[in-house]
Amino acid sequence: MNPRDLIQKGAPMTLQTMPRQMKPQPSALAYVPFLSVDRMMQLVRDTGVEPFLRGLAEAIEQDFLRWPEFDKTPRVASHSPDGVIELMPTADKALYGFKYVNGHPANMARGFQTVTAFGVLASVDTGYPLLLSEMTLLTALRTAATSALMATRLMPQGAQVMAMIGNGAQCEFQALAFRAICGITDLRLYDIDPRATEKARTNLTAQGFRITCCPSAAEAVQGAQIITTCTADKRNATVLSDNMVGQGVHINAIGGDCPGKTELAQAILHRADIFVEYPEQTRIEGEIQQLAPDHPVTELWQVLRGTAPGRRDAAQITLFDSVGFAIEDFSALRYLHGLIAQTAYAQPLDLLADPDDPRDLFGMLIRSGQG
Ligand SMILES: NC(=O)c1ccc[n+]([C@@H]2O[C@H](COP(=O)([O-])OP(=O)(O)OC[C@H]3O[C@@H](n4cnc5c(N)ncnc54)[C@H](O)[C@@H]3O)[C@@H](O)[C@H]2O)c1
C-alpha cells in the first residue's frame, strides 16, 4: 500500500510508512564521497587514459620524493590455497590511505577477476574518511603509471619496442603508460592463452600501437628493449629463462608479487641490477625472495631523488622487481581526490554514524525506530 494512503487512513506512521521527505536525514558528516566503478570509468574517459596515467605518475613521483615522511609497513597478507587478501596502509602527517586487494590467479577460469580492490583516503586529524573509491581500475592504472615512471630512469635510451608476457587485465594499461610516459610504440605480445593475446591485440591496435603476436615468450623478447612480465600463476614459474635476456634490456616484472609466486629464473637476478619499491616488502613478495636476504637492491625513491643511480650504461640489465606498495595507492587516491574536488563524479554515501550528541550513539539508534 502507498504510504500516503496509510497516512490518510489515520494508520500510525512508522519509519517504513513515513514519506521519504519526512524521514530524519543523515547529517552532512555522515556522508562520505564514493567513487563507483561507473563514475571511475566516466572520469578516466573524460580525462583521457593517457593524461590520467601521466597525472598519476606525477602524483606517485611527488610522494616518492618525500618518502621519509610516510609511515611504512609491508602489507598485511592473509593467504589461502588459491589466493591472498591484502591490506595496504600508509600515512603522511595529513592523510591516511589504505587499499583492500586480492590476488587469486585461479579466478579467471571461474569467471572472476584475478585482482579486485577498493580503498579509502582519510583525514589524519579526525580519522574521518574523505573518499571511498573503487580501486580495481585504479590499481591497474597506478601499477602501469608506477612501472612507466620507474622505467624513465631504468630503460635504455630511445627504447621503442616492449615485449609483454601475460596479456590479461593489466596488459593494456601497462602498454598505454609506457607510450604516454616512455614513448613505446611497438608491442610484442605473448600469453599461454592465445585468447588473451587476441583480446590485447584487438584493444591495443585500436589504440594505435604496432603489434606483433608471438608464439612463445622467447620470440616475444626478440628485439625488445623493455620486457614486461605480467602473468598470474600461484607458483615459482619461469616466464623468462636466463638465455632469453640479452644485455641492455630493462625488465619490468610485475606478476611475481607474493611468497611462492615469481616469474624470473634466478640466474637473471644475478645478472641484473635490481630496483625495488620498499625492500622490507619486496624481500617477502618479489622476485628477490629467491635470493639471499642481504642481496643488494636499490630503492627507487632514492633513484628519483638522484641520490642513487638508475641506469648507468647501455649494457646493464635493469630489473624493476615490482610488487605494488601502499604509497602508490595513497598517491592514486590523493590524485583522485584532487581531480574530483568541486565536481559531481563522487556520490554521497551514508557511511558514518553521526549522532547529534557524539556520545549518544545508542540514543540515535533507538530514536531512529520511533515514529
Ligand atoms: N606489481 C603490482 O603492483 C601488481 C599490481 C596488479 C597486479 N599484479 C600482478 O600482475 C599479474 C597479472 O595480473 P592480471 O590482473 O593481468 O591477471 P590476469 O589473470 O587477468 O592475467 C594474467 C595472464 O597471464 C597469463 N599467463 C599465466 N602464466 C603465463 C605464462 N607462464 N606465460 C605467459 N602468460 C601466462 C594468463 O593466461 C593470463 O592471461 C598478477 O600476478 C597480479 O597479481 C601486480
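Domain bounds here come from an automatic or database domain assignment. On that basis, 26 Å separate the centres of domain 1 and domain 2, taken over C-alpha atoms. The model is predicted. The protein has 371 residues, and 41% of them count as buried.

**Overall build**
- The secondary structure comes to 12 helices and 17 strands.
- The C-alpha trace spans about 85 × 40 × 40 Å along its principal axes.
- Among contacts in the protein with a separation of 6 or more, 70% link residues 24 or more positions apart.

**Domains and their contact**
- Domain 1 is made of two segments, 28-137 and 328-368, while domain 2 covers 151-326.
- The contact between them takes 24 residues from domain 1 and 23 residues from domain 2.
- On the side of domain 1 that touches domain 2, α3 (49-65), β3 (83-91) and α11 (326-340) each supply at least two residues.
- Helix α3 gives the largest share of that side, eight residues.
- By residue class, this side of domain 1 divides into 13 nonpolar, four polar and seven charged.

**Strand β14 and its neighbours**
- Strand β14 covers residues 272-276 and is mostly covered, with four of its five residues buried.
- Strand β16 (residues 317-321) runs parallel to β14, and four bridges join the two.
- Within that pairing, Ala 272 has Ile 317 of β16 as its bridge partner.
- Strand β15 (residues 298-299) also pairs with β14 in the parallel sense, over two bridges.
- Here the bridge partner of Val 276 is Glu 299 in β15.

Definitions and conventions:
Residues numbered from 1 in each chain as written. Predicted model: local features only at pLDDT ≥ 70, side-chain atom pairs only at ≥ 80, totals over all residues. Buried ≥ 20, exposed ≤ 12 C-beta atoms within 10 Å, placed from the backbone. Contact = placed C-beta atoms within 7 Å. Pairing = 2+ DSSP bridges. Nonpolar A, V, L, I, M, F, W, Y, C, P; charged D, E, K, R; others polar.
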